[in-house]
Amino acid sequence: MQFDFSRLAVADRYKLMSASITPRPIAWVTSLSKAGIRNAAPYSFFNMMSAEPPLVALGLMRRPDGAYKDTCANILETGEFVVNLVAEADLDAMNFTCIDAPPGIDELHAGAIETVASIDVAPPRIVSAPVSMECRLKHRIDVSDASTVVLGEVTVFHIDDRFVDGERLHVDAAAMGLVARMHGAGWYARRPNMVRRDRPAWADFCEQAR
């Protein structure tokens with residue numbers, strides 16, 4: 001079955017894409033308004049884009065009237081944000097922060113989510129997150145009246161000591177127990193079964209083909 005996206009309603013495109021492109025990592029974004037009001041919200045239109053410079057991308061949907069939501073407004077106003085990754089133990093706290101609160105509400109306070117000061121940016125990071133990335137806005141793309149994409153440059157990377165070998169920089173990703181976004185509304189993936197395949201080498205392939 002095929003679909004001509006130019007003829008499909010936005011909601012239907014969203015349904016097909018979000019249910020198929022899975023699992024998606026979750027950026028639990030903390031930001032701060034110019035007035036100093038904190039905000040926290042999860043976004044699964046998120047991923048690493050580059051290591052030089054170290055960039056992450058966020059796809060931020062707007063309100064039905066085209067207005068920016070708090071996270072996007074804060075990032076565009078201040079140029080700063082923190083991406084916190086979500087461990088299974090934080091699933092309920094993260095889910096709370098996607099509540100349909102009115103603008104200007106501090107979800108961190110409402111959800112009793114503990115934070116600590118960042119090093120390079122004003123927004124705080126979430127204490128329980130196994131990984132937090134302090135970011136500065138690198139580029140914005142207003143792709144439509146419904147969506148804005150921001151690229152953030154990671155300036156400081158925090159990872160819980162339990163999950164990293166500081167000498168080899170080996171990260172025990174499985175031990176972090178991160179959750180990811182899955183298909184329909186409310187569904188998440190946790191502790192997935194994993195398989196490993198080493199990257200093939202052309203020289204080995206040629207040798208085996210002789």
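This is a predicted model: local features need pLDDT of at least 70, side-chain atom pairs count only at pLDDT 80 or more; totals for chains, interfaces and linings use all residues.
Does R168 count as buried, partly exposed or exposed, and at what relative accessibility? R168 counts as exposed because its relative accessibility is 61%.

**Overall architecture**

The protein contains six helices and 14 strands. Its C-alpha trace spans about 70 × 50 × 30 Å along the principal axes. Of the 210 residues, 35% are buried. Among contacts between residues at least 6 apart in sequence, 60% join residues at least 24 apart. The accessible surface amounts to about 13,200 Å², and carbon and sulfur atoms account for 55% of that area. The side chains include 22 positive and 27 negative ones, with the centres of the two sets 6 Å apart.

**Helix α2 and its surroundings**

Helix α2 covers residues 70-78, and its buried residues are D70, T71, C72, A73, N74 and I75. These buried residues pack against several strands: β2 (27-32), β3 (38-43), β5, β6 (80-84), β9 (131-144) and β10 (147-159). Just after the helix, G79 adopts a positive phi of about 75°.

**Salt bridges**

Twelve salt bridges are found in the whole structure.

| Pair | N to O distance |
|---|---|
| R190 and E88 | 2.9 Å |
| R136 and D120 | 3.1 Å |
| D165 and R168 | 3.1 Å |

R190 and E88 form a salt bridge, and this pair links distant parts of the chain, 102 residues apart: R190 belongs to strand β14 (residues 188-190), while E88 is in the loop between β6 and α3 (91-96). R190 counts as exposed because its relative accessibility is 57%, whereas E88, at 23%, counts as partly exposed.

The side chains of R136 and D120 also meet in a salt bridge. R136 is part of strand β9 and D120 of the loop between β7 and β8 (125-126), so this pair ties together parts 16 residues apart in sequence. R136 is partly exposed at 33% relative accessibility, and D120 is partly exposed at 32%.

In the pair formed by D165 and R168, D165 counts as partly exposed at 27% relative accessibility, while R168 is exposed at 61%. Elsewhere, R62, R140 and D142 are linked in a network of salt bridges.

**Backbone features**

Two cis peptide bonds can be described. One joins T22 and P23, with omega about -10°; P23 lies in the loop between α1 and β1 (24-25). Another joins E52 and P53, with omega about 0°; P53 is in the loop between β4 (46-51) and β5 (54-61).

Positive phi values also occur in residues other than glycine. A112 has phi near 50° and is placed in the loop between α4 (107-110) and β7 (115-116). With 70% relative accessibility, A112 counts as exposed. L169 has a positive phi of about 60° and is found in the loop between β11 (164-165) and β12 (170-171). L169 is likewise classed as exposed, at 64% relative accessibility.

**A nonpolar surface patch**

M1, F3, F5, M17 and I21 make a nonpolar surface patch of about 580 Å². Among them, F3 is located in the segment before α1 (10-20). F3 counts as partly exposed because its relative accessibility is 44%.

How values were computed:
Residues are numbered from 1 along each chain as its sequence is written. Side-chain values use heavy atoms; hydrogens and water are left out. Patches are made of residues with over 30% relative accessible area and no salt bridge: like charges are joined within 9 Å, nonpolar side chains (Val, Leu, Ile, Met, Phe, Trp, Tyr) within 5 Å. Accessible areas come from the Shrake-Rupley method with a 1.4 Å probe; for residues, only the protein chains shown count as cover. A salt bridge is a side-chain nitrogen of Lys or Arg within 4 Å of a carboxyl oxygen of Asp or Glu. Helices (H or I, at least four residues) and strands (E, at least two) are DSSP runs, numbered from the N terminus. Buried means under 20% relative accessible area, exposed over 50%, partly exposed in between (1.4 Å probe, protein chains only). Contact means heavy atoms within 4.5 Å. Lys and Arg count as positive and Asp and Glu as negative; His and the chain ends are not counted. The place of a charge is taken as NZ of Lys, CZ of Arg, CG of Asp or CD of Glu.
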